[in-house]
Amino acid sequence: VKAAKKTSIKSNFQALNRLHRLGLHLKLGINSSKYTLSRSQPLSSRSMSSSNKASDVLFQEQKNKNVLITLNRPKALNALDGSMVAKLTPKYRAWVSDTNTPRTIVIKGAGGKAFCAGGDIKAIYDAKKSGKSPKECCEFFASEYVLNQLIGTLPETLPQVAILNGITMGGGVGLSVHGKYRVATDNTMFAMPETAIGFFCDVGGTYFLPRLHRNLGTYLALTGARLKGPEVAVAGVATHFVRATALEQLEDELLASSSPTQIESILGRFSVPFEELKAEAKGLSEDKIEAIDRCFGHASVEAIIQALENDSEVEFASASLKLLKKMSPTSLKVVRRQMQEGANRDFKDCFAMELLMAERFMENTDFFEGVRALLVDKDKSPKWNPPSLSQVSEKDVSAFFQ
């Protein structure tokens with residue numbers, strides 16, 4: 001990999017890999033007295049998932065102890081549910097505990113269309129409708145966040161390489177972005193579209209989004225804008241970009257490696273140089289990045305909108321305003337505060353804050369209205385409450401953090 005790529009992309013996430021092995025949920029920032037989860041099976045897999053299929057996650061351990069994980073729900077675009085979390089979490093715990101066995105983890109999605117298109121939010125909607133309390137609705141989030149933190153704090157002897165070939169959103173971001181290596185391809189489509197369903201950018205978005213350079217994280221969080229192919233690496237979300245045609249060979253070499261210390265050089269041989277990527281990332285040109293930096297650094301959503309209305313990059317500003325006008329006003333204001341809070345919190349504290357925020361969203365109506373409009377009635381016309389930014393007070397926003 002070119003030196004420019006190493007400094008420009010990887011530096012954004014070096015802090016994600018600073019801790020050592022994890023133990024109990026308290027060390028992960030989860031209040032275990034509030035959310036009691038089994039170490040072997042997250043409670044979400046019992047109460048939130050309609051099935052516990054044996055084949056929804058596949059584990060293939062090599063002779064050298066390296067592991068290939070395949071998210072295997074291609075018809076559902078490998079969306080993450082409680083059953084999958086229940087299988088993944090104890091595996092990661094076991095690998096972390098096995099301190100005498102260095103290994104490389106390669107994780108990918110089946111089917112070629114998606115790495116993982118998000119979490120099973122419909123199950124949470126159904127739980128609420130069946131009479132579950134906000135705390136009970138958060139059981140999936142609690143177990144998911146534990147898994148995210150396990151991945152984000154893997155030791156150097158246990159690096160993860162996520163192959164983001166296809167759609168990577170929401171829950172799929174949580175499974176990948178906190179790991180040491182994230183490989184984008186020509187087919188990658190990355191997004192954090194939570195404000196469109198009246199939610200917030202969870203799965204550690206509090207930590208990694210504010211650490212993207214030049215206000216890109218705030219832009220992605222508020223607008224839910226999509227990054228495609230090379231743009232994912234240019235933004236700093238991916239650490240490497242590899243042509244899709246080379247993935248099979250890359251996977252073979254990663255799994256055949258005899259030591260985690262070889263992974264950097266293997267990825268380097270297959271990766272497209274950063275300067276070449278910049279030329280290909282048409283949707284994230286330098287002019288657009290400058291406009292993002294100008295407009296999305298303001299302290300309030302209202303100020304961001306005003307900046308967009310007056311910006312010289314008219315096409316970009318118009319597209320961004322169109323996206324923002326569709327989003328939940330409450331989510332927009334809460335997410336702007338979330339980005340500010342996350343910039344000053346450590347990895348563990350960000351997840352603790354997110355679990356509190358998730359419960360607050362479960363107490364409110366916008367998330368369930370957003371899911372209804374997108375996945376239940378599919379009218380794509382959510383009725384946000386309140387319906388405008390001016391009706392969301394600072395007191396309302398603060399309540400999501402208390």
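Asp-186, Arg-243, Glu-276 and Glu-280 are linked in a network of salt bridges. The model they belong to is a predicted one. Across the whole structure, a search finds 20 salt bridges. This briefing covers some of those bridges, a pocket, a surface patch and a few backbone details.

- Lys-108 and Glu-251 meet through their side chains in a salt bridge, at 3.1 Å from N to O.
- Lys-108 sits in strand 3 (residues 105-109) and Glu-251 in helix 11 (residues 247-256), so this pair ties together parts that are 143 residues apart in sequence.
- Are the two partners buried or exposed, or in between? Lys-108 counts as partly exposed, at 23% relative accessibility. Glu-251 counts as buried, at 17%.
- The cut-offs explain these labels: buried means under 20% relative accessible area, and exposed means over 50%.
- Helix 11 also holds Glu-253, while Arg-269 lies in helix 12 (residues 263-270).
- The side chains of Arg-269 and Glu-253 form a salt bridge of 2.4 Å, N to O.
- The Arg-269 and Glu-253 pair ties together parts that are 16 residues apart in sequence.
- Arg-269 is exposed, because its relative accessibility is 55%. Glu-253 is partly exposed, with a relative accessible area of 25%.

**Salt bridge between Arg-372 and Asp-379**

- Arg-372 and Asp-379 meet side chain to side chain in a salt bridge, with 2.6 Å from N to O.
- Arg-372 is buried, with a relative accessible area of 15%.
- Asp-379 is partly exposed, at 35% relative accessible area.

**A nonpolar patch on the surface**

- Which residues form a nonpolar patch on the surface? They are Leu-374, Leu-375 and Val-376.
- Together, Leu-374, Leu-375 and Val-376 have about 200 Å² of accessible area.
- Val-376 has its place in helix 19, which covers residues 366-376.
- Val-376 is partly exposed, because its relative accessible area is 31%.

**The second largest pocket**

- Rolling a probe the size of a water molecule over the atoms shows where empty space is left.
- The second largest pocket has a volume of about 310 Å³.
- This pocket is lined by 17 residues. The closest to its centre are Gly-283, Lys-288, Glu-315, Phe-316 and Ala-319.
- Which helices each supply at least two residues of the lining? Helix 14 (286-295) and helix 16 (314-326) do.
- Helix 16 gives the largest share of the lining of the second largest pocket, with 5 residues.
- By type, the lining of the second largest pocket divides into 7 nonpolar, 3 polar and 7 charged residues.

**The loop between helix 8 and helix 9**

- Pro-210 has its place in the loop between helix 8 (205-208) and helix 9 (216-223).
- Pro-210 is partly exposed, with 22% relative accessible area.
- How many residues apart in sequence are Pro-210 and Gln-340? They are 130 residues apart, yet 7.4 Å apart in space, C-alpha to C-alpha.
- Arg-214 is found in the loop between helix 8 and helix 9. Asn-215 is found in that loop too.
- Most residues other than glycine have a negative phi, and most peptide bonds are trans.
- Arg-214 is not a glycine, but has a positive phi of about 55°.
- Asn-215 is not a glycine either, and has a positive phi of about 65°.
- Arg-214 is partly exposed, at 30% relative accessible area. Asn-215 also counts as partly exposed, at 23% relative accessibility.

**A cis peptide bond**

- The peptide bond from Asn-385 to Pro-386 is cis. Its omega is near 0°.
- Where is Pro-386 found? Pro-386 is in the loop between helix 19 and helix 20 (394-398).

Technical notes:
Residues numbered from 1 in each chain as written. Predicted model: local features only at pLDDT ≥ 70, side-chain atom pairs only at ≥ 80, totals over all residues. Heavy atoms only, no water. Patch = residues over 30% accessible without salt bridge, like charges linked within 9 Å, V, L, I, M, F, W, Y side chains within 5 Å. Areas by Shrake-Rupley, 256 points an atom, 1.4 Å probe, with all protein chains shown as cover. Salt bridge = Lys/Arg side-chain N within 4 Å of Asp/Glu carboxyl O. Helix = DSSP H or I, 4+ residues; strand = E, 2+ residues; numbered from the N terminus. Buried < 20%, exposed > 50% of the residue type's maximum accessible area, 1.4 Å probe, protein only. 1 Å grid on protein atoms, 1.4 Å probe; cavity = no way out; pocket = protein on both sides within 12 Å on 5 of 7 lines; lining within 4 Å. Points joined across faces, edges and corners; volume = space filled by probe spheres on them. Nonpolar A, V, L, I, M, F, W, Y, C, P; charged D, E, K, R; others polar.
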